[in-house]
Amino acid sequence: MPARKTLKSMCEDFNKIVADPVRQLKRLKSGRTIKVIGWLPTDVPEELIHAAGALPIGIVALNSPAVACSAPHLQEWSCSLMRCALGMALDGALDLLNGLIIPLICDTTRMVTGIWKQTKPFVFMDNFLLPRQIDRPSAKKYLIGEMGRLKARLEQFMDRTITASELCASIVLYNQNRSMMRKLFAMHNRRPDILGNRNVYNIIKASMLMPKELHTNMVAELLQLLEEKVGENKVGKYKYNVRLILSGKVWEPPVVMDVLDQAGIVSVGDDFCTGYRYIANDVSETGEPLTSLADRQFKRLPIAAFAGKSKDRINSLTDMVKKNRADGVLFVHLKFCENENFDYPMLRDGLSSAGIPNFRLETEVGTHSEELFAQVMAFAKVLGRGGVVNG
Amino acid sequence: MAESPSFKTDIIFKRLMAQYYDRGIAAREKGIPVAWVTAAFPVEIIYAAGLFPYYPENFGARVATKKAVERISAAAEARGYFSGLCAYARCAIGDVYSSEHPIGEILRPDLLFCSNAQCCSLQKWFEAAGRYYQAPFFLLDTPLIESTPTTWIKQYLVEQLYELLDFLEVYTGNSFDFDRLAEVISLSNEACRLWSEILDMAALKPAPFGFFDACFHMTPIVAWRGTEEAVYYYRELKNELEERLEKKIYVVPDEQYRLYFDHTPVWPRLRWFSDLFAKKKAVVVASQYTHSWVWRFDLDRPLESLVRNYTEGFINRGFEYRVQQIIEMMKEFNVNAFVLFSNRSCKPSALGLYDKYRIISQRTGLPGVIFEADMADERYFGEEDIIGRLDEFFSRLSREKRD
């Protein structure tokens, strides 16, 4: 019987996956004939890719030096997330992918797709055209059609039919994974000192980079170990004095989470496409599966990309703060992300008028931790809780 | 160098422009709702519903032409709207918070209509404005059409127009008037036809009308499309151009080079570029930008036709379609070279421009130049760098002509 893994070694396994996406791709492809289809954030229905027999992989773990590779193609005043993703492709880091799906959620994703097709085309490339108004009946009907189109393209590429029962099975598999991660997140909420922000968010990100079955099993094993730790009543490396809701597109650069850990701040919820929002809700397991996938899309936590009831996002953040007894909101905004920047004054003013302290960090893929640490500590001080490092 | 005389039509333009703004103010006094609309929104429906359409993008361009963007934007930036956002949006938002109004105050909307065919910035800007003014916001969502529009995209768009009609009927309390829609569409068709014929005159060699003239004279096709005034204005302009042709008045008297320009102009430097090119004996004869409003509507299928025109043009198309259309225009207007403007305020036109440069060069064999700036905000205008690039470009053109 193999020796039982320690918490530290399990966290390290997840960390290795997100720290080196190229190595992870090689591992996934090694000795297997499986087709791997990448997707850019966010809201691509991975269940469809899985049901088609391919492995969906999020382009969410980034090699920051690759930003430079995109310089001849993308202006430096476009967001570093897309510059880095394209740069990684140009650098050969994504050569093992068999295809790529780009959801059009902003002007940069809308235009990067053309550049990508010119400079580093994959055999299979698809623009997933999500509806960006989500209030009116036409949006749902259209989205079901768009999902059907993506399904047909995947079937053609994979040379097989996706049956309803296969899609339902994929939905169940993804729901199990989300449910398992929600348990993990709830435990993190109660006892942040055991895993810390960086590990929890690494685990969420890792789920986008590996087979869901394997990820679910690893998280289940980890949860078992965590429950034992909770019982032991030992205190972890860092003492967490401040509870925050985080908001933005992605938690980049990853060092943001290290900085929060060091500052004694726990993220108790977020609307990141690569964070809690990814796992927050499930797809109905009954009914017509494409309709269920579309239903989930409209029930997800509101983000800047979709124009809906204008106050949904501020209401959603305020609710998260109340439900999680958070002390405030930290915005983690990528420089040059127009969607977030347009929402920011409304969110800032809405939170402030509700008496919720908030602060905006502007980051880029590759921002250094020292710059972030000073700003985060200043915010922690404003909250009056200090943010004491206990490590 | 002899400068071509001003257009007589400029006087009509100024008079009609003043009347248009007066009508906007009067509309509110008469209880006619003021509707903000984007440049590629089917405004014909807004007119037919009896609303007064107002174009905040045009407001941004006018602030830019007055070289006042930095001052007005500062008020928006102080509120947390960053300088990386579209300058038109910063102007409209800044005007609300600014104590100075160099072109007058922006007209407050009672409701807002936006199509995201042009860009996502408009969607976010109008959404933010809707919140500020506490006015209803309707988004016509236009998925990108890369090659052939799919059936469900077409259905989605037509369904949204029916949702728009419902929205308007509830708001106004009146049944939608399809007869009035037909009248407005007829007027749009006529204005678009005249505008197209005017732009086509730039294909003549030497050209009596060029891109910079078109930038000055385009407000009616953008903002008055669907009215008698737009039709009248372009009839007058076309007559004047025909007169100028008879008198042999051209944009550049000794025209040597014919250029394609992509995309919008640098508004606060319209004259600067026009003079610089004229000095080099170059005339810009075509741009996708000014051709954006060359539409032709089918009165037998009005809603389907509005959808087709407003969503299947280049603004809502992918990379390859845009490049191919540029190349076709370059052939049609018989150009010698091309100028690409990487515009910080317009990601859909700027992102991909460096690859477009490479592809257009390869496919046409023609020389080109690319420069970085902002269509409205002069803080991003590196004059020395741009002059250097253009000098080098014209030297290349001159060498190639000699060889």
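# Notebook: a predicted model with chains A and B

**Entry 1. Chain B as a whole.** I began with the contacts in chain B that have a separation of 6 or more, and residues 24 or more positions apart account for 75% of them. I note that the model is a predicted one. I then looked up the secondary structure of chain B, which comes to 18 helices and eight strands. Next I took the extent of the chain: the C-alpha trace of chain B spans about 70 × 50 × 45 Å along its principal axes. For 403 residues, a compact globule would have a radius of gyration near 22 Å, and the 21 Å of chain B agrees with that. I also recorded that 51% of the 403 residues of chain B count as buried.

**Entry 2. The sheet of chain B.** In which order do the four strands of the open sheet in chain B stand? I read the order as S6-S5-S7-S8, with parallel pairing. Strand S6 (282–286) and strand S8 (368–373) of chain B have a single partner strand each, so they stand at the edges and one side of each is left without a neighbour in the sheet. From one strand to the next, the twist averages 30°.

I then looked at one pair within this sheet. Strand S5 (residues 257–262) and strand S7 (residues 337–343) of chain B run parallel and are joined by four bridges. I located B:Phe261 and found it opposite B:Val339 in S7(B).

**Entry 3. Helices lying across the strands.** I looked up two helices of chain B that lie across these strands. Helix H15 (residues 319–332) of chain B lies across S5, S6 and S7 of chain B, and its direction is at about 160° to S5(B). Helix H18 (residues 383–402) of chain B lies across S5, S7 and S8 of chain B, and runs at about 175° to S8(B).

**Entry 4. Where chain B touches chain A.** I turned to the contact between the chains, which takes 41 residues from chain B and 40 residues from chain A. Several elements each supply at least two residues of the side of chain B that touches chain A, among them helix H6 (120–133), strand S4 (137–140), helix H7 (151–172) and H15. Which element gives the most to this side of chain B? I found that H6(B) does, with nine residues. By class, I recorded 18 nonpolar, 11 polar and 12 charged residues on the side of chain B that touches chain A.

**Entry 5. Two helices of chain A.** I note for reference that two packed helices are described by the angle between their axes and the distance between the axes. For helix H4 (residues 80–90) and helix H5 (residues 107–119) of chain A, the axes come within 11 Å and cross at roughly 10°. An angle under 35 degrees counts as roughly parallel, so H4(A) is roughly parallel to H5(A). On the H4(A) side I listed A:Met82, A:Leu86, A:Ala89 and A:Leu90, which meet A:Thr108, A:Thr109, A:Val112, A:Ile115, A:Trp116 and A:Thr119 in H5(A). The residues of this contact divide into seven nonpolar, three polar and no charged.

**Entry 6. A:Cys84.** I stayed in helix H4 of chain A, where A:Cys84 has its place. Is A:Cys84 buried or exposed? The cut-off for buried is 20 or more other C-beta atoms within 10 Å, and A:Cys84 has 28 C-beta neighbours inside 10 Å, so A:Cys84 counts as buried. Leaving aside residues up to four places away in sequence, A:Cys84 touches A:Leu62, A:Ser64, A:Ala66, A:Val67 and A:Val365. I also noted that A:Leu74 is 10 residues apart from A:Cys84 along the chain, with 10.0 Å between their C-alpha atoms.

**Entry 7. Particular backbone points.** I looked up a cis peptide bond in each chain. In chain A, the peptide bond from A:Glu252 to A:Pro253 is cis, with omega near -5°. A:Pro253 is found in the loop between strand S5 (242–247) and helix H10 (255–263) of chain A. In chain B, a cis peptide bond joins B:Asp262 and B:His263, with omega at about 25°. I found B:His263 in the loop between S5 and helix H12 (270–279) of chain B.

I then checked two residues for phi. A:Asp43 is not a glycine, yet its phi is positive, about 70°. The loop that holds A:Asp43 runs between strand S1 (36–39) and helix H3 (46–51) of chain A. A:Asp43 counts as partly exposed, because 19 C-beta neighbours lie inside 10 Å. A:Phe336, likewise not a glycine, has a positive phi of about 70°. This residue is found in the loop between strand S7 (328–334) and helix H14 (338–353) of chain A. A:Phe336 is buried, with 24 other C-beta atoms within 10 Å.

Conventions:
Residues are numbered from 1 along each chain as its sequence is written. Chains are lettered from A and ligands numbered from 1 in the order in which they are written. This is a predicted model: local features need pLDDT of at least 70, side-chain atom pairs count only at pLDDT 80 or more; totals for chains, interfaces and linings use all residues. Axes are lines fitted to C-alpha atoms, for helices over the stretch in contact, and angles run from 0 to 180 degrees between N-to-C directions. Angles under 35 degrees count as roughly parallel, over 145 as roughly antiparallel, 65 to 115 as roughly perpendicular and the rest as oblique. Two residues are in contact if their C-beta atoms, placed from the backbone, lie within 7 Å. Ala, Val, Leu, Ile, Met, Phe, Trp, Tyr, Cys and Pro count as nonpolar, Asp, Glu, Lys and Arg as charged, and the others, Gly among them, as polar. Two strands pair if DSSP finds at least two bridges between them. A residue is buried if 20 or more other C-beta atoms lie within 10 Å of its own, exposed if 12 or fewer, and partly exposed in between; C-beta atoms are placed from the backbone. The radius of gyration is taken over C-alpha atoms; the globule rule is 2.2 Å times the number of residues to the power 0.38.
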